[in-house]
Amino acid sequence: MKHAHSIDNTSDEMTASDNMTASPSAFSLSIRPDNIAVIAMDVPGEKMNTLKSVFAEQVQTVLRQAQQHASLRGVILISGKPDSFIVGADITMLDACTRAEEAEALARQGQETFAAFGDLPFPLVAAIHGPCLGGGFELALACDYRVCSLDDKTVLGLPEVQLGLLPGSGGTQRLPWLIGVDRALDLILTGRSVKARQALKLGMIDDAVPNSILLETAAALLKKGKRQQPVLPWRTRLVNSWPVRHVLFKVVKQRTRAKTQGNYPAADRIIQVVRRGMDKGLAEGYKQEARAFGKLVMTPASAALRSLFFATNALKKQAGASAELREIHRVGVLGGGLMGGGIACVTAQRAQLPVRIKDINEEGINHALRYSWELLSKRVQRKRMKPAERQRLMTLVSGSTDYHGFEYADIVVEAVFEDLALKQSMVADIEQYARPETLFASNTSSLPIHQIAERAQRPELVIGLHYFSPVDKMPLVEVIPHSGTSPETIATTVAFARQQGKTAIVVADKAGFYVNRILAPYINEAAYCLLEGEPVETVDAALVRFGFPVGPLTLLDEVGIDVATKIVPILVAAWGERFQAPATFEAILQDGRKGRKNGKGFYRYGVQRRFWRAPREVDSAIYPLLGVTPKAHLDPALMAQRCVMMMLNEAARCLDEGVIQCARDGDIGAVFGIDFPPFLGGPFHYMDHLGIDAVVKTLETFEHQYGPRFAPCQRLLTMRENAARFHP
């Protein structure tokens, strides 16, 4: 939207920032010939607008200057940035808070600034193009009207819960009365964002129009004058009525607690604050909102989640290697299985690149095409994509049983079976059929990249690119260069992964890489608990209670017991007996148990559950195979501690050996790769929180009780001596 054109050609114009003697204002004021003011927010020196505490005075100043115009009919708030409205508050402000009262004061300042909008004698309309999130959406909620562009970049939401917080500038109070408490709680508790059409359907905005007419549509809304108390739709009135909302809050509280296991205090606070405002009135609601915001800022969960946010943003700015990027225009994928199909899908859907799949038979090609079609169709069914867009994306995906078309590929991602000779032959084939400069990226989970590249004519173009299953959902990839991989190959592969919407960490070419290496001892310890007679479901429940989305034995079923155990001999050969799985576990494989994919694992599959939402049943035949009689007798907290301590110890070893470049990468890899509890911030953040001395003492206690596999690594022992931390 060309805001400047519609403003600069006016005959009666003044700019508020020109009259200010203080630091440059983020807000500029223009008066159109039709006596409508346009206030544009454009934070100097930043790509996107974020709200800062110093802006409160700037907003008041620019609104006072607008009021000086005697014939003013209203104000349109827009963004001066080309493709974003306001992405939220600048959360670096929160790190400066040392007490809850300081953070509470920030929330009150936001509340008071936005509440003043309602006291103005003229209407305000927010004309939204691009992301409108967090404090940006709270600002828009305080306006009389909201109109959005239909651009795909335009999304609205309150994602504060993802940082362990709640909306602190009135969002918990305004949204329930606008769209109904049930819908408001869903948006605030999940932190999910919605596009313009869905926002209009929910009642969050007043109109959604093409970007080209956004400003004029906003001007037309101003002609209605100040918004009067609206007559809410019957559904909203019903849901917000005391008898219905009383039951609703009870159900939401139960479901939220079951999902969070009490590990995310923001979720409970959100429910309390929304309920308080509806029961006691807006004034009390605002008071409780600000107070809860202040307390949440000081919680370890919020500190951990904010550290992850900053770490992820910092990682995005790193190229992986200092080299010029090679542009990727076309992509090849070898293998049409689950991983190959997923890689092809994210390449087409997110990177918007044409991708050619090669498989040994037509069935593999059809599987990969069907994978993309079904994922895109789900988006169409949920009204998140038009059928025409699905068709366009599907035209980007093609397949063949030979290498026809691979001569155009800039990068080829190999996703065949974990067999070294097979992967080496794939390298040779690509060197024969593709261009000399084509990159070869192997999606191996365990095989050393230098071995895959050892027969290559151009080893500098060979690299590892380890995706996690399911590819369309798991955000992490490990980029694994071997000693001969060129910096250009590394930088280009990292950039390609980001095009696919992935978070990429560069890890060393050592057995297990990083994620699988720290996962293996964690799962092994769960197996030891099982062999001590603990039932499958209680082992899993202990780790879910700790904060993992699924337990380790469920995870084994999902990944594939056969797949997971293939890496064990490689890890044992490289790193010793601490990676050796319990010997009796071999009986599970001999019984043909591969997990969910063949319907036989630790749990039963393909059977009807007796009750809706009932937990999956354990396959009791697993116990005779292992020679145990199940009986819950171990402390759940102790089981969780045993499993997690094995993971923490191995993570510290990985950092010490240079497998990961820094603790930040280790935290991101664990959270995004294996769903390490985000509220703990990752293994290294968690060890800092516990204290290195406490970690070492726990490992030494377990070493005495359970054996040498718990022996603390040298890195931790040295850090204890020096009273050091992983993060400054």
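This is a predicted model: local features need pLDDT of at least 70, side-chain atom pairs count only at pLDDT 80 or more; totals for chains, interfaces and linings use all residues.
Residues are numbered from 1 along each chain as its sequence is written, and side-chain values use heavy atoms, with hydrogens and water left out.

On a 1 Å grid over the protein atoms alone, a cavity is a set of points where a 1.4 Å probe fits but cannot get out, whereas a pocket is an open set with protein on both sides within 12 Å along at least five of seven lines, and lining residues have an atom within 4 Å of a point. A volume is the space filled by probe spheres set on the points, which are joined across faces, edges and corners. By this rule there are four cavities of 30 Å³ or more.

The largest cavity holds about 130 Å³, and of its 14 lining residues, F27, I39, M41, L77 and L139 lie nearest the centre. How is this lining divided by class? It has 13 nonpolar residues, one polar and no charged, where Ala, Val, Leu, Ile, Met, Phe, Trp, Tyr, Cys and Pro count as nonpolar, Asp, Glu, Lys and Arg as charged, and the others, Gly among them, as polar.

The second largest cavity, with about 70 Å³ of space, has a lining of five nonpolar, one polar and three charged residues. Among its lining residues are E431, R435 and R458. Helix α18 (residues 420–433) gives the most to this lining, with three residues; helices here are DSSP runs (H or I, at least four residues), as are strands (E, at least two), numbered from the N terminus.

Turning to open spaces, the second largest pocket contains about 870 Å³ and is lined by 32 residues, with L141, L178, R227, Q229 and P230 nearest its centre. Its lining divides into 17 nonpolar, six polar and nine charged residues, and the largest share, five residues, comes from α6.
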